[in-house]
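What follows is a walk through one protein model, from the whole chain down to single residues. Please keep the sequence and the coordinates open while reading.

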Amino acid sequence: MPGMGGQGGQGGTGETLVEERPRRRSVLIPTIIVLAVLVGGFVLFSGYFTDWLWFDSVGMTQVFTISIVTRLIMFAVFGSVMGIVVGLALWIAWRTRPTFQGMTPEQASLERYREALEPYRRRFAILISVALGVIAGLAASGEWGTFLLWRNATPFGIEDPQFGLDLSFFTFTLPFIQFLLAFGFATIFIALVAVVIVQYLYGGLRLQPKGDRASGAAQSQISLLIGLFVLLKAVAYWFDRFALDTKSQQLVAGFTGLKYTDVNAVLPALNILAAVAVLVSILFFINVFRRHWAIPVMGAILLVVTSVVAGMLYPLIVQQFQVRPSELVREQPYLERNINATRDAYDIADAEITDYPGTVAPPTATVLADSAGTLDAIRLLDPAVVSPTFNQLQQIRGYYSFNNTLDVDRYTLDDGKRGAIIAVREINLAGIPDGQRNWTNDRAVYTHGYGVVAAYDNTALNNGQPDFFESDIPSEGELDIEQPRVYFGELSPTYSIVGAPEGTPPVELDYPDDASPSGQKTNTYQGSGGVPMGSLFGRLLFATKFQDANILLSDLVNSESRILWDRGPLTRVEKVAPWLTLDQDPYPVVADGRITWVVDGYTLSNEYPYSSRVSLSEATSDSVSTRTLPSALLPRDQVNYVRNSVKATVDAYEGTVTLYAWDPSDPVLQTWMKAFPDVVQPADQMPEEIVQHVRYPQDLFKIQRAILSRYHVTDPVTFYNASDVWIVPNDPTVSPAEIFQPPYYLTLQMPGQEEPAFSLTTTFAPQRRQTLAAFMAVDSSPGESYGKMRVLQLPSNTTIPGPQQVQNNFESDPVVSSQLSLLRRGGSDVELGNLLSLPFNGGLLYVEPVYIRAAQDGYPLLRKVLVGYGENVALEDTLDVALAKVFGTSPDSTPAPTVDDELAQLEDEAAGGDPTPAPVEPPATTGDPTMDLAIAIAEAQSAYNDGQRALAQGDFAAYGVAQDRLKAALDAIAAAESQLSGGVPAEPEPVDEVQSEGTAA
């Protein structure tokens, strides 16, 4: 017995173990599922909650809550409608299924599926309804912007010429109605498919009839759904009438809106189709009770025939036999609508277009005096070229960097208002040596940039380097920067952790300091930017968000730590105002001792009646920048309405984002301001010091010039014939010249202006010609004249060369081409800067800086200036000498005279005076023998050519000056060659006072 008891005990234990194993498995799986749900839920929560914290840090939580709540409402409403309608259709179809299906082979085959489905029928129906509801809700939530526009629509105060409705109906209301119709069609169609499947599965519909092909319940359901579908189609036909206002047409390139055929054929056809569709839907509704398909089917055939005859054939006949024989006469009123609407939509209706003679003549002293403001302010530094130069001279350390394209601005300095090229010295983690790359350095040490660098835009040092008026670390110069640290910039790291309790040794690198024992100054962030995250929950939250365990484990994270992320100016403004499309060139401004980014924001629409569309990516891409599809709330590439309605600022130290209503009259802006209250401030609250640096945005200007190339014509006949179409010329300084020339910021004085103004400029060329068609400038200076658009239209038979032809003239001129060849043979690369166009003396003056870059690890230096005026071209060391040559005056030797000096010289010559030439200075040196040799060779060639020209004219004084320049250049050549060979500079042979024509320079 004891043995039996022992065996029984052992057997009992074994049975217990066997029972526990399945039980453990059954507990393990639910535990894993619960843990997965908790982890997934926390990850989802961390994403949304950290976003809310980010919006709270910039004081814009209403943007987050309104967008989330609106999307949730859209998801819930439309998802519920889809789920309920489909679920109800499935339930009714099942409840009304036939009780006896008959034993045909078809039904016998389906019986197996019915038996297999029956245990899961209810769950399957719920799953389908919920899944379709979720999909529909997600799709609808993506239209939350369309909903907000409809919900907060603001009238334009302008009536559509065809229907007499305010334009807000087409811009705000009609898109939401079209969305509702599309959703209704999708819902009814899916419900119809669900009913057909269920009725077929349960015998309500039969392919192999034994009796009726469809049960009475199936016929009623299908008739009801088809009737609803056709009724929706009637509503769609009615609103399609209004959609013709924004329909792109083939009348002329870019035409949008109704044409003669639309008004006289398509509109009546849509009215007829809407009426027929209502009638047909009534027939289907009657069939719900009568269940006789002959009449509804005849009605459906009538609808199809009507759509073919009235909707297709009749408009085709009208177009072919009424419009085409006299198209211009028929379409002229509609062309006028398109022209007027397009000019209004792109804000070019007030562009001042004046005739410009396009003549070229030597300027008089009076002309030079009147143009001194323009000539003295010609920008020579190309912001797209000199970034490597700024990096070489002002980068200080490899972990700092400047943007590839710098910015143009103007500042009031001790010597007055001056044009400037400005750049922010930002932190660049890619510049840290690989051996020093680690989490601590990337996230807690290298956290910010330092200061700005600014140079005069119209001059350079003798060695070709920019003439900086703000530079170095710590910042030195005339801008009085009190807070130079840049925690929020275009090149900022993905995220940084900053801040520490008072008294804690700082760990952030502030700037390099050779006088410090450690070789650097350190700093602790004291600003209010970013989000506090020092608690354990905060660490866990952001470790989850950035999937970085170091945030949770690092000792550098303390109770006062703050985390900075989404730091780019464009990113921050886009998050705060998702309804804006942003200009792709934010620019820095030094104001009130701080560095502030300024970002231009656009309100767009693609539903402005009669306005022609333009592609954002095509119109705004040029040789300097390329735009991709915007990632805004309503991403669109095709637009037909644009306003620069908002200017935003981002503080570079604290990341504060402020939006200002720059164009408060814009109805689109007013609509968004209703949807997101207290986000945009009045423009008069922008600090005055920042207002002084506001400029006209480039992307808007590019769009407007693309439209103006056709819509400068207001006469419908000329517009229809396309006899006066302009094009934006390609940039001739890039190879191949197959992309638009960018617009340029210049300080110039247009005809009719009392004084020079900071302006954004461009040129136009005629189709299929390389001459100039027009020059356009828009005033970018703050004040009443801001945004004033002036266009100088040249005669159609002008011989004024356009940019491409001017560049060809430069390259084909024997003297210029020989000097450029010498420069290129000197072991250096020649880099051409922007080709600037300026109206001057009834013609156009072209200026192009020429940079020389050492072939290996070099950076561009401004060494020459190309100038073209009419057929005259010159390549000289300084702008003043080149201007004097092309204007027909006698240039002085280096250093070149200013415009005031030239005026004085002209007055002396008029009075019979004999100006004394200035002493000759040797060619400037750069410290690079290869580059010095190239510069000296070019100077020798230039001096020799000038001497031969003076000798031919009998001007022996000028010839003597040229010989002195030649001697100095030969001395420089000998010195450079000696340095290259490692020897002592040789004494050059003396140069005779008068050289024969064949003597080599």
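Both Lys702 and Asp622 are buried, where buried means under 20% relative accessible area, exposed over 50% and partly exposed in between (1.4 Å probe, protein chains only). The side chains of Lys702 and Asp622 meet in a salt bridge, with 2.7 Å from N to O; a salt bridge is a side-chain nitrogen of Lys or Arg within 4 Å of a carboxyl oxygen of Asp or Glu. The pair links distant parts of the chain, 80 residues apart: Lys702 sits in helix H21, and Asp622 in the loop between helix H18 (616–620) and strand S20 (638–639). Helices (H or I, at least four residues) and strands (E, at least two) are DSSP runs, numbered from the N terminus.

Some conventions apply throughout. The model is predicted, so local features need pLDDT of at least 70 and side-chain atom pairs count only at pLDDT 80 or more, while totals for chains, interfaces and linings use all residues. Residues are numbered from 1 along each chain as its sequence is written, and side-chain values use heavy atoms, with hydrogens and water left out.

Next come the totals. The protein contains 28 helices and 33 strands, and 52% of its 1001 residues count as buried. Of the contacts between residues at least 6 apart in sequence, 69% join residues at least 24 apart; a contact means heavy atoms within 4.5 Å. The accessible surface comes to about 44,400 Å², and 56% of that belongs to carbon and sulfur atoms. Accessible areas come from the Shrake-Rupley method with a 1.4 Å probe, and for residues only the protein chains shown count as cover.

By the rule given above, the protein has 20 salt bridges. In one of them, Asp585 pairs with Arg695, the closest N and O atoms being 2.7 Å apart. This pair also links distant parts of the chain, 110 residues apart: Asp585 is in the loop between strand S16 (581–582) and S17, and Arg695 in the loop between helix H20 (688–691) and helix H21 (698–711). Asp585 is partly exposed, with a relative accessible area of 22%, whereas Arg695 counts as buried at 3%.

Strand S17 (residues 587–591) holds Ala591. Is Ala591 buried or exposed? Its relative accessibility is 4%, so Ala591 counts as buried. Apart from its neighbours within four places in sequence, Ala591 is in contact with Glu689 and Ile690. The C-alpha atoms of Ala591 and Pro687 are separated by 8.6 Å, although the two residues are 96 apart along the chain.

Helix H4 (residues 121–141) shows how burial can be arranged around a helix axis. H4 has 21 residues and reaches 30 Å from its first C-alpha to its last, close to the 30 Å expected at 1.5 Å a residue; the expected span is 1.5 Å times one less than the number of residues. Its buried residues are Ser129, Gly133, Ala136, Gly137, Ala140 and Ser141. They cover an arc of only 125 degrees around the axis, which puts them on the same side of H4; the arc is that of the directions from the helix axis to the C-beta atoms. An α-helix has 3.6 residues a turn, so residues three or four places apart point the same way. What covers the buried residues of H4 includes helix H2 (61–95), helix H5 (144–151) and helix H6 (167–201). On the other side of H4, Arg123, Leu127, Ile135, Leu138 and Ala139 are exposed.

In helix H13 (residues 387–394), the buried residues are Ser387, Thr389, Phe390, Asn391 and Gln394. Their cover includes strand S2 (400–401), strand S4 (416–424), strand S7 (452–460), S8 and strand S32 (861–869). After H13 comes Ile396, with a positive phi near 70 degrees.

Tyr610 has a positive phi of about 70 degrees although it is not a glycine, and it is found in the loop between strand S18 (594–605) and strand S19 (614–615). Tyr610 is buried, with a relative accessible area of 1%. Arg291 has a phi near 55 degrees and lies in the loop between helix H8 (260–290) and H9; at 41% relative accessibility, Arg291 counts as partly exposed. A cis peptide bond joins Ile473 and Pro474, with omega about -10 degrees. Pro474 lies in the loop between strand S8 (466–471) and strand S9 (476–477).
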